[in-house]
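Biologist: Could we go through this structure together? I would like to begin with a charged pair and then turn to the helix packing.

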Amino acid sequence: MSGEEQNPAAVPVPVQDVQGDGRWMSQHNRFVQECKDAEPDVLFVGDSMIQLMQQYEVWRELFSPLHALNFGIGGDTTCNVFWRLQNGELENIRPRVVVLWVGTNNHEHNAEQVAGGILTITQYVRSCLPRSKVVVLGLLPRGERSNPLREKNAAVNNLLRSALDRMGPVQFLDMSAAFLHSDGTVSVRDMFDYLHLTAGGYSTIATPLHELLLQLLDDIPQERRASLV
């Protein structure tokens, strides 16, 4: 994709309310309101992989104690997350760390476009919150066995791994290999529908992520922490 072409995965777009119940916008508005009332140290933002995390014990045990907010909405693409962040979900808060997990729903975009969308969101977060650190989570394998979507997600991760190294205080955590058995299959014990994680699947992700977050939070000097409150 040339530098003159606009990446369609990096265009901020709200979700079209095809069901007519306004649920997506209601969730977004709730997040914007939370920004006015909360003082999170960690902000999680993304699609259903982020959203569903708070339904499991790992959220209550590991992430809630870190004063975390969960701004995940099921089905979101990079375009939808980018729109949400540009429309109030970063206002009035100064989290010390932002965790971004999105991209697996970008079915209309190729790997280069998806990676570019994730990088654009990361750059936007860095511009809005220059003192915050960012953790980008790699896309997980999807489907019980090898398939084109799984291969695309792996390609996205490879592109992110090289690009994020040049983006300052940004960490890339790729746990995709932990979900692949020796024969290349994904277990229903980890992903109940071969996409969304079970409690055990979230535990696999949560442990290294929690350790990384603790390191990043501890790296912020005490006087700097006071200035972020």
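Predicted model: local features only at pLDDT ≥ 70, side-chain atom pairs only at ≥ 80, totals over all residues.

Biologist: Where do Glu-34 and Arg-30 lie?

Modeller: Both are in helix α1, which covers residues 23–37. Glu-34 and Arg-30 are 4 residues apart there, about one turn of the helix.

Biologist: And how many salt bridges does a search of the whole structure find?

Modeller: The search finds 8 salt bridges.

Biologist: Let us stay with α1. At what angle do the axes of α1 and α4 cross?

Modeller: They cross at roughly 40° and come within 10 Å, α4 being the helix of residues 78–89. The two helices are therefore oblique to each other, and their crossing is right-handed.

Biologist: Which residues make that contact?

Modeller: From α1, the contact uses Trp-24, Met-25, His-28, Phe-31, Val-32 and Cys-35. From α4 come Asn-80, Trp-83, Arg-84, Asn-87, Gly-88 and Glu-89. By class, the contact of α1 with α4 has 6 nonpolar, 4 polar and 2 charged residues.

Biologist: Next, α4 and α5. Are they roughly parallel or oblique?

Modeller: Their axes cross at roughly 15° and come within 10 Å. As angles under 35 degrees count as roughly parallel, α4 and α5 are therefore roughly parallel to each other. The crossing of α4 with α5 is left-handed.

Biologist: What residues are involved in this contact?

Modeller: On α4 they are Thr-78, Val-81, Phe-82, Leu-85 and Gln-86. On α5 they are Val-114, Gly-117, Ile-118, Thr-120, Ile-121, Tyr-124 and Val-125. This contact has 8 nonpolar, 4 polar and no charged residues.

Biologist: How does α5 pack with α6, and at what angle?

Modeller: Helix α5 (residues 111–128) and helix α6 (residues 148–164) pack at about 45°, with their axes 8 Å apart. The pair is therefore oblique, and the crossing is right-handed. Residues of α5 in the contact include Ala-111, Glu-112 and Val-114, while those of α6 include Lys-152, Ala-155 and Val-156. The contact of α5 with α6 has 11 nonpolar, 1 polar and 2 charged residues.

Biologist: A change of topic: what feature does UniProt place at residues 44–202?

Modeller: The unreviewed UniProt entry places "domain: SGNH hydrolase-type esterase" there. In the model, the span of residues 44–202 is 39% helix and 14% strand, and its end C-alpha atoms lie 14 Å apart.

Methods
Residues numbered from 1 in each chain as written. Heavy atoms only, no water. Axes fitted to C-alpha atoms, helices over the stretch in contact; angles between N-to-C directions. Parallel < 35°, antiparallel > 145°, perpendicular 65-115°, else oblique. Left-handed = near helix turned anticlockwise from the far one by under 90°. Contact = heavy atoms within 4.5 Å. Nonpolar A, V, L, I, M, F, W, Y, C, P; charged D, E, K, R; others polar. UniProt positions renumbered as here; feature names shortened; annotations may be inferred. Salt bridge = Lys/Arg side-chain N within 4 Å of Asp/Glu carboxyl O.
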